[in-house]
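Please consult the sequence and structure shown below.

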Amino acid sequence: MSITSSRESSPAGGGESKVTIQTIQSKKDRGERITCLTAYDYASARLVDEAGIDMVLVGDSLAMVMLGHENTMSVTMEEMLHHTRAVRRGMKRALLIADMPYGSYHLSAEDALRNAARFVKEAGAEAVKIEGGQKRADLIMRLRDAELPVMGHIGLTPQSLHAMGGYKVQGKSLGAIEELVRDAVTLQRAGAFSIVLEGVPREVAAMITAEVHVPTIGIGAGPECDGQVLVLHDMLNMSFAPAAKFVRRYGDVASTIRSAVESFKQDVEHGAYPGDEESYHLPPETKAALEAISARKATMKR
């Protein structure tokens with residue numbers, strides 16, 4: 001008899017089954033495409049989850065789209081934990097992955113294990129994402145041995161912004177292609193359950209996707225990847241920055257919000273909001289009593 005409670009083993013929300021790392025692998029094995037989007041708060045997480053997205057990533061991109069920083073380097077563990085907790089509360093079905101921020105796994109394996117465990121234990125994440133290729137192999141094996149699933153990330157790795165000299169497409173020369181393939185194979189052998197391929201030529205991403213048996217998730221890596229991820233704010237025109245080549249706008253939420261705010265401002269300034277229908281009223285008997293008191297006061301002043 002299983003010691004797992006019926007509540008824990010039943011599908012989330014009583015509807016579609018909970019997405020797990022095994023679900024993601026099965027989708028690749030069956031040739032089905034995998035969907036992933038970022039989310040940073042309860043509301044966005046709930047909307048993305050209810051739309052049926054497979055994986056939700058609390059990306060360190062929140063440094064820019066939520067906190068207004070110029071790049072991802074400034075976001076802290078505490079900020080990432082705070083947002084991951086909020087996202088967790090908005091989700092039932094999707095697999096929740098937390099991005100480990102710069103400095104949270106670079107100094108020592110002990111720091112990395114401690115910080116990754118915090119994402120799972122304190123914030124409800126089901127996996128963590130780590131940038132880097134072959135140099136992360138030992139760390140990923142340590143995390144795997146601690147039952148902490150890891151999503152790898154190679155190609156254009158934003159936390160290596162300064163070392164790369166900017167946001168540049170990676171894997172354009174034969175030597176660089178060979179290095180990326182080695183990175184992917186090494187991450188797979190180390191135990192990564194999936195690999196993000198960012199900012200690499202389509203042909204290279206296709207080659208890597210065919211080479212490894214774990215799912216590849218592309219962002220600026222062409223359509224041959226097993227799945228795709230976008231920053232939610234980019235696809236909704238909420239990032240206040242020129243869109244990267246790979247971004248497709250699926251909505252213009254910025255214009256919707258701006259228009260609504262401008263309409264509110266005009267209504268308030270012209271006395272059109274709130275109206276009588278948006279106001280509370282006294283019960284008839286209380287209103288009558290209050291009017292009687294006011295009438296008596298008026299009579300006494302004469």
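In which loop is phenylalanine 240 found? Phenylalanine 240 is found in the loop between helix 11 (232–235) and helix 12.

## Basis of the model

The model is predicted, and local features need pLDDT of at least 70, side-chain atom pairs count only at pLDDT 80 or more, and totals for chains, interfaces and linings use all residues. Residues are numbered from 1 along each chain as its sequence is written, and side-chain values use heavy atoms, with hydrogens and water left out.

Helices (H or I, at least four residues) and strands (E, at least two) are DSSP runs, numbered from the N terminus.

## Residues with positive phi

Phenylalanine 240 has a phi near 55°, a positive value in a residue other than glycine. Because its relative accessible area is 70%, phenylalanine 240 is exposed. For these classes, buried means under 20% relative accessible area, exposed over 50%, and partly exposed in between (1.4 Å probe, protein chains only).

Glutamate 147, in the loop between helix 7 and strand 5, has a phi near 60°, which is likewise positive in a residue other than glycine. Its relative accessible area is 66%, so glutamate 147 is exposed.

## A buried loop residue

Leucine 148 lies in the loop between helix 7 (137–145) and strand 5 (150–155). Leucine 148 counts as buried because its relative accessibility is 10%.

Leaving aside neighbours within four places in sequence, leucine 148 is in contact with Leu113, Ala116, Ala117, Val120 and Leu143, where contact means heavy atoms within 4.5 Å.

## The loop between helix 12 and helix 13

Proline 274 is found in the loop between helix 12 and helix 13. A cis peptide bond joins tyrosine 273 to proline 274, with omega about -5°.

Aspartate 276 lies in the loop between helix 12 (253–269) and helix 13 (284–300). With 55% relative accessibility, aspartate 276 counts as exposed.

## Surface patches

Asp267, Asp276, Glu277 and Glu278 gather in a surface patch of negative charge. Patches are made of residues with over 30% relative accessible area and no salt bridge; like charges are joined within 9 Å, and nonpolar side chains (Val, Leu, Ile, Met, Phe, Trp, Tyr) within 5 Å. A salt bridge is a side-chain nitrogen of Lys or Arg within 4 Å of a carboxyl oxygen of Asp or Glu. Lys and Arg count as positive and Asp and Glu as negative, while His and the chain ends are not counted. The place of a charge is taken as NZ of Lys, CZ of Arg, CG of Asp or CD of Glu.

Phe264, Val268 and Tyr273 form a nonpolar surface patch, together having about 290 Å² of accessible area. Accessible areas come from the Shrake-Rupley method with a 1.4 Å probe; for residues, only the protein chains shown count as cover. Valine 268 is in helix 12, and its relative accessible area of 40% makes valine 268 partly exposed.
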